[in-house]
Amino acid sequence: MEELLALQAELAKVQSAPSSFKLSEPNVVEVVQKLVELGLLDVLYTMNGKEYLTPRQLLREVEDELAARGGRVNVTELVAILHVDLPYIDAAVATLLREPPPAALGALQLFQGELIAEVYLDSLAEEIALQLHGAGRLSIGELAVQHTLTSEFLLRLVEPRLGSAIDATLSGGALYTAAYVARHTARVRGVLSGVTRPVSLPQLVREHGFNESLFADCVAELLACGRLRGALYGKSTFTPEVYTHAQQAAVLSFFTQNGVIEYAALSKMQVKDPRAHMLAQHADGIALSSCFIKRELLEAAEAQVEEACTSGGAIDLYGCFTFTLTDEDLERLVAASPSISSLLSTGRAVRLGDERSLLASSALIEACAKPLGELAAAIAKEKGTAHVQTAASKDDEAHGSSKKGGKAKAGKSKGKKGKGEDGDDDDEDEGGGKRGGKKGKDWRDAALGGDLDDDDDDEVGRGKKGGKKGKDKKKAGGVDMNAAPASSSEDDLLPRLEEKLLQAVPSLEETTDLAAAMAAHLLPKLLQMVATAVAELQASGVAERRKAVQAAQERLRSLSQNLQLFVKANQAADLPPADAEALDEALLKSTCLELFTAMLHSEAVHAGIHLPHLADPEADVTASERKEAMALLPPKPRGALQALEKAAVGKASTPTAFLEALWVAEEVLGEQCVRLDRKREKTALAEARAMLRSQLESTDQAEVALHLSTLLLEIDLNGLFFAAPGHLLHILISHLQPKLSPAAHAALSDCYAEVAASQKQQTDVAFDTEAVRHIGLNKGRAKGDE
Amino acid sequence: MSSTSSPRSIDADTKATVQKLPMLTVKAGPRDGEEWIKRVKEEYMALITYQKVNKEAGNEWFRIESNPMGTRWTGKVWYVHELLKYEFDLEFDLPVGYPATAPELALPELDGKTEKMYRGGKICLDSHFRPLWARNVPHFGIAHAMALGMGPWLAVEIPSLIANGRVKHEDFCAKSS
């Protein structure tokens with residue numbers, strides 16, 4: 001039986017054994033090829049060439065491999081594992097991704113060349129959770145590196161699983177377990193609770209090794225729930241409430257004690273934006289530029305000011321406060337104080353001084369103004385005498401404008417030009433001078449009678465301005481003839497005024513700088529008063545001067561008229577050449593020179609130069625005196641007069657040439673001498689005749705009577721007005737001979753001889769003056785002729 | 001039922017195969033005690049040889065096993081026709097007269113599908129087999145009966161059954177791989 005069973009088993013074994021191959025490998029290859037050709041079979045060839053594989057099998061194998069590797073496999077690795085070319089594997093992977101996911105693996109995804117199944121993600125999440133549990137904190141970046149995945153991928157993986165698979169919070173790219181966060185919060189709470197002064201949060205984080213990403217949220221949370229008390233400034237500073245309290249208490253106690261606190265001190269006490277802080281805390285205080293003060297301090301100052309005003313005194317506002325103030329602060333305080341403002345606006349008090357810190361009561365100012373009149377009168381008197389010289393240029397302008405409009409216009413435009421280009425020195429001199437005259441019409445202009453009707457106040461203000469400008473000019477090297485003396489005298493005035501004020505009101509000395517400030521304040525008023533006084537003084541002076549000008553012009557006119565008559569007489573009379581030449585020479589030396597001198601005087605008068613010795617027609621003016629006078633004149637008239645002088649004293653000059661030169665000079669200087677026409681000549685002759693007659697009638701000197709008679713006879717008989725000195729009278733007498741009776745001629749000749757003889761012998765003339773006068777008055781008829 | 005008249009020729013391959021089978025020597029029936037055991041041993045030896053030969057030739061076409069006493073045999077036979085494999089259950093009991101009497105091989109699933117069969121699915125072996133068996137008692141055994149009886153019958157009958165639609169592949173395709 002045993003054997004039977006063994007046989008039975010053997011049979012079964014033999015039957016179940018596979019049948020041995022009967023097809024050769026090439027046959028099989030052919031068969032498979034055939035199958036593929038026929039489309040019955042679709043196979044993939046493996047890379048080792050020993051196996052066929054259907055696409056379905058490949059899918060299965062990929063799936064198996066994925067499962068075997070825990071749900072994550074690199075597609076390129078599959079090539080080596082499955083011995084199948086990459087394109088087939090790619091296709092298989094694509095198919096897998098398209099098809100419904102296998103239940104065992106879950107959803108599939110291809111990420112960076114790796115096929116990843118849901119299973120893998122779940123297991124990874126579990127792993128992370130486990131790791132996190134141990135570490136407390138894991139950075140996504142580190143995890144990504146550890147698992148060779150990107151941070152984004154990990155975030156996608158972690159975020160949906162937070163709170164479920166991964167029990168943690170995600171903050172700033174890291175995962176934290178609740179325990180870790182709690183521990184961290186506890187530490188932060190501890191540190192920040194212990195802080196008593198403002199701290200830099202970044203520094204705290206550094207010192208205590210806090211987690212930066214958790215820190216901000218943690219602090220905000222602690223503050224929000226009220227566990228921490230304090231304030232966060234930005235994200236960098238934490239100020240504990242206890243500190244704020246202490247600070248405010250300190251500031252408050254200082255402020256209440258002193259009534260004032262400086263911003264610098266507040267800054268030192270760590271108060272940020274001190275000004276705004278104090279304003280918020282003490283709304284009724286006053287914020288100044290460098291400190292904050294209580295209103296009570298201002299009220300105390302107001303009381304002092306009020307007292308000073310009612311008592312008619314003055315007070316320094318700076319002195320009212322114990323702390324230093326800037327000008328700006330002072331303005332602010334005045335603006336903030338209704339009582340001081342009202343004092344100022346109602347005029348009960350006036351602010352004085354460079355810093356305007358001095359407050360003077362109106363009573364005090366009135367007291368100080370009293371002695372001004374006296375001072376002004378004194379100053380005006382000084383001015384009146386001193387100003388003839390300095391007003392030269394101004395006067396020249398006035399003179400020019402009346403005399404020759406064209407010139408004045410040119411001067412004006414030149415002035416404008418000079419204003420435009422300050423660089424040109426020449427222009428500057430002249431233009432600046434003119435401008436000074438025009439713009440800086442100061443009080444002295446008014447004093448000289450230039451613009452008396454102008455508004456005086458305005459005048460004063462502008463004068464000051466001009467004066468200052470002039471000062472600047474002087475410093476810059478320009479010569480401002482007009483304005484410079486103005487400012488200097490203004491400078492002189494201040495100390496004088498101050499002195500006077502101190503004399504008048506000694507109480508001024510009690511307050512520092514008050515006298516000087518008061519002087520500066522009253523100076524414009526003084527100047528105005530001085531101007532008025534000077535104007536009054538000068539009003540009379542102007543009349544005199546006008547008279548002088550008229551006289552000079554009158555003199556010039558008559559001289560020029562006479563000269564023309566003389567020249568004409570010399571030409572018209574048919575005299576022997578020698579005699580004519582002698583007459584011409586005499587004419588040059590007398591009338592021409594006199595006319596030149598008169599002209600010189602006239603110009604000097606116009607230029608405001610006082611030259612009394614030129615004014616006297618009888619005075620003998622020497623050449624050097626003339627030169628001096630010329631030097632004083634402005635350049636233009638000087639040039640014209642120099643040419644004229646040459647014509648008068650030149651060696652080859654004649655009266656005719658002089659006359660020509662006169663007309664040329666007239667063109668430059670303006671018409672002053674009148675050219676004679678027939679009618680005027682007649683009048684002039686008549687005038688000369690009348691003058692000669694009256695002189696002749698009144699004289700009792702023989703030589704004078706002879707002289708006058710001869711001249712009168714020339715007018716009466718020949719219609720010619722000669723100018724002949726005494727020693728040349730014989731020429732005229734012989735010229736008259738044809739028209740005279742022999743007796744008359746003889747009488748004149750005798751008289752002449754007698755006079756010449758008496759002059760030689762230095763004796764009196766013993767001749768009958770009456771006879772000569774008779775001849776002269778009766779057109780050459782001697783007493784005996786009638 | 002009468003056996004078919006068509007002569008059943010044993011092809012050359014079959015002849016060569018049968019020649020490789022060992023001849024049985026013990027002439028004993030199931031009721032002969034120890035002798036029967038010897039006889040069954042020889043049956044097994046022959047079957048093992050036959051199957052080995054089939055395997056080597058790559059044309060195995062049946063499987064068979066018996067009860068402990070070797071009186072009842074069951075198994076499967078299959079036939080490939082036009083690239084399709086048709087498989088049938090095989091069963092038979094050895095008759096008391098065995099080995100003098102040839103075994104009555106049966107394919108119960110084909111019962112009623114062909115006239116070349118007795119009731120109960122016993123295949124109708126033609127006259128040619130019986131005299132052959134009779135001449136070779138006790139040398140022929142089950143292996144011979146399969147090779148010379150069942151094999152030729154399947155080769156003749158199954159194609160005709162498929163052709164006339166009595167057997168469909170879906171009904172007889174392999175029940176196990």
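**A buried cysteine of chain A.** Cys751(A) has a relative accessible area of 0% and is therefore buried, the cut-off for this class being under 20%. The model shown in this and the following views is a predicted one. A search over all chains of the structure finds zero disulfides. A disulfide is a covalent bond between the sulfur atoms of two cysteines.

**The annotated cysteine of chain B.** In an unreviewed UniProt entry, Cys124(B) is listed under "active site". This residue is placed in the loop that runs between β3 (84-93) and α3 (129-135) of chain B. With a relative accessibility of 1%, Cys124(B) counts as buried.

**A lysine in strand β3 of chain B.** Lys85(B) belongs to strand β3 of chain B. Its relative accessibility of 33% classes Lys85(B) as partly exposed. Along the chain, Lys85(B) and Glu170(B) are 85 residues apart, and their C-alpha atoms are separated by 10.0 Å.

**The interface of chain B and chain A.** Here 21 residues of chain B are in contact with 15 residues of chain A. The two chains bury about 1600 Å² between them, and carbon and sulfur atoms account for 65% of this area. Of the area that chain B buries against chain A, 36% is supplied by Lys41(B), Tyr44(B) and Lys55(B), more than by any other three residues.

**Polar links across the interface of chain B and chain A.** Seven residue pairs are in polar contact between chain B and chain A. One salt bridge is found across this interface: the side chains of Glu3(A) and Lys41(B) meet at 2.7 Å, N to O. On the side of chain B that touches chain A, the elements giving two or more residues are α2 (34-57) and β1 (62-66) of chain B. The largest share of that side, twelve residues, comes from α2(B).

Gln51(B) is located in helix α2 of chain B and, at 0% relative accessibility, counts as buried. Apart from its neighbours within four places in sequence, Gln51(B) is in contact with residues of chain A, namely Leu11(A), Val14(A) and Gln15(A), and with Glu60(B), Phe62(B) and Arg63(B) of chain B.

**Two salt bridges within chain B.** Glu43(B) and Arg39(B) form a salt bridge, with their closest N and O atoms 2.9 Å apart. Both residues lie in helix α2 of chain B, four residues apart, about one turn of the helix. Glu43(B) is buried, at a relative accessible area of 1%, and Arg39(B) is buried at 0%. A further salt bridge joins Glu60(B) to Lys55(B), the closest N and O atoms being 2.9 Å apart. Glu60(B) is buried, with a relative accessible area of 16%, and Lys55(B) counts as buried at 6% relative accessibility.

**Salt bridges within chain A.** The count over all chains comes to 17 salt bridges. In one of them, the side chains of Arg161(A) and Asp122(A) meet at 3.0 Å, N to O. This pair links distant parts of the chain, 39 residues apart: Arg161(A) is in the loop between α8 (151-158) and β7 (169-171) of chain A, whereas Asp122(A) is in helix α6 (residues 118-135) of chain A. Arg161(A) counts as buried at 12% relative accessibility, while Asp122(A) is partly exposed, with a relative accessible area of 34%. Elsewhere, a network of salt bridges links Glu65(A), Arg69(A) and Glu77(A).

Technical notes
Residues are numbered from 1 along each chain as its sequence is written. Chains are lettered from A and ligands numbered from 1 in the order in which they are written. This is a predicted model: local features need pLDDT of at least 70, side-chain atom pairs count only at pLDDT 80 or more; totals for chains, interfaces and linings use all residues. Side-chain values use heavy atoms; hydrogens and water are left out. UniProt positions are given in the numbering used here, feature names are shortened, and annotations may be inferred rather than shown by experiment. Buried means under 20% relative accessible area, exposed over 50%, partly exposed in between (1.4 Å probe, protein chains only). A disulfide is a pair of cysteine sulfur atoms within 2.5 Å. Contact means heavy atoms within 4.5 Å. Buried area is the accessible area (1.4 Å probe) that two parts lose on being put together, summed over both. A salt bridge is a side-chain nitrogen of Lys or Arg within 4 Å of a carboxyl oxygen of Asp or Glu. A polar contact is a pair of N or O atoms within 3.5 Å; within protein, one must be able to donate a hydrogen and the other to accept it, and residues adjacent in sequence count only if both atoms are side-chain atoms.
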